[in-house]
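Hi,

Here is the structure I said I would pass on.

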Amino acid sequence: MFLISWSFTVISLALASLIYYYVSLKGKAGDWGDGFKSAYFQLALRSLRSLGANQVHPKNWYPIPLILCRPWGKLPENVPCHPKLADFANCMKKKGRGMSIFVSTIDGDYHELAEDAKTACHQLEAYIEYKQCEGVAEIIVAPSMSEGFRSIVQTMGLGNLKPNIVVVRYPEIWRRENLTEIPSTFVSIINDCIIANKAVVIVKGLDEWPNEFQRQYGTIDLYWIVRDGGLMLLLSQLLLTKATFESCKIQVFCIAEEDTDAAELKTDVKKFLYDLRMHAEVIVVTMKSWESHVENSSSSAQPDDSQEAYTSARRRISAYLSEMKETTEREGRPQMVDGKQAVVNEEKVDKFLYTMFKLNSTILRHSRMAAVVLVSLPPPPLNHPAYFYMEYMDMLVENVPRMLIVRGYRRDVVTFFT
């Protein structure tokens, strides 16, 4: 146009600018939507269909954490989630990629609390944006936290974008605040995750979890007790990719009984880690079995930091059992465990508590100065009251400042090609 007539070109541009300015001020606003938004929506649908709902190969597996925001911790009303939970969620992402789902429950009736749930969801979304964590927020109204979580774990997500790891804070306040409803809720959440085939990560010592500016030194210690598909190994590697833990080294502790061939076990684990191209020091720790403990119970045990907690836990469990028996005899009905008829095997209760005691003693002996400790999560034993399971877990985490209690699921999340 400038080559044809520069004067008419300038006049045309000026008139077009005036018309655009007039329409933008006086013209009626039209709601035609955003073409880019439509394209993104179609692209997302196409990508979701291509992902399908088939099992993802371990090489392409990404953690999608489902984070329970407010359980078991005292927070101000205007704080929708513990500040350190978003920091931990960012530590679980591969190379900064991934999505977190922050959920919270409101106890009550949905018809009465629907507006409150919307307001809480907006607050949680603002919090996630403030913490610069990629994720979405969801608020569920249910009669109780257990029922709300059961709905969440069944319905949340779509196809292969469903959350695969449930992250929850360890309820350290339950005994201090005498919150008797926590044990049953805690056990219910773990059992629901097992049934729904979701991995579980329980964070103990969340208040002491470092932020992105607090560099950690020392070791990341893994107590590898059961095969979990490599989730614990993957979490340790993800922690190393963050600036907070990049100066740490990984130590893998394999727990074995005294009569196990420790050298052969160490060789097998080292070869497995070498095949996975993971650099870690392997340490085999032997523990006395329950049978050996019963045979040598008359011998004096070496006192340590866990002994007093173990003795107190046994005393509380014995008192709880005595109260259960008295209630059963007084009411003339079968013994009940969490509303179900059951028979509590006292020897199995002692065995489980003793195992937690020995494991805690081992952790304190080898990992007292570790930056973070990862240990396998024992599933709630059948016919054991929820109160007993909380005693077991308290025994496991006793005097350990920062711990991740991990349970994998029935599939591998690492492979030789990861």
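This is a predicted model: local features need pLDDT of at least 70, side-chain atom pairs count only at pLDDT 80 or more; totals for chains, interfaces and linings use all residues.

The protein has 418 residues, and 44% of them count as buried. You can pick out 12 helices and 12 strands. Among contacts with a separation of 6 or more, 81% are between residues 24 or more positions apart. The protein exposes about 24,000 Å², with carbon and sulfur atoms supplying 54% of that.

Now the charges. Side chains of opposite charge can pair when their charged atoms come close. The structure holds nine salt bridges. One of them joins K131 and D87, with the closest N and O atoms 3.7 Å apart. K131 sits in the loop between α4 and β3 while D87 is in helix α3, so the pair ties together parts 44 residues apart in sequence.

D394 forms a salt bridge with R175, at 2.8 Å between the closest N and O atoms. That pair links distant parts of the chain, 219 residues apart: D394 is in helix α12, and R175 is in the loop between β4 and α6. R316 and E391 also meet in a salt bridge (2.8 Å, N to O). E391 counts as buried because its relative accessibility is 1%, while R316, at 30%, counts as partly exposed. Salt bridges with shared partners join R175, R316, E391 and D394 into one network.

Finally, F8, I11, L15 and L18 make a nonpolar surface patch of about 450 Å². L18 is in helix α1 and counts as exposed, at 57% relative accessibility.

Cheers

Methods:
Residues are numbered from 1 along each chain as its sequence is written. Side-chain values use heavy atoms; hydrogens and water are left out. Patches are made of residues with over 30% relative accessible area and no salt bridge: like charges are joined within 9 Å, nonpolar side chains (Val, Leu, Ile, Met, Phe, Trp, Tyr) within 5 Å. Accessible areas come from the Shrake-Rupley method with a 1.4 Å probe; for residues, only the protein chains shown count as cover. A salt bridge is a side-chain nitrogen of Lys or Arg within 4 Å of a carboxyl oxygen of Asp or Glu. Helices (H or I, at least four residues) and strands (E, at least two) are DSSP runs, numbered from the N terminus. Buried means under 20% relative accessible area, exposed over 50%, partly exposed in between (1.4 Å probe, protein chains only). Contact means heavy atoms within 4.5 Å.
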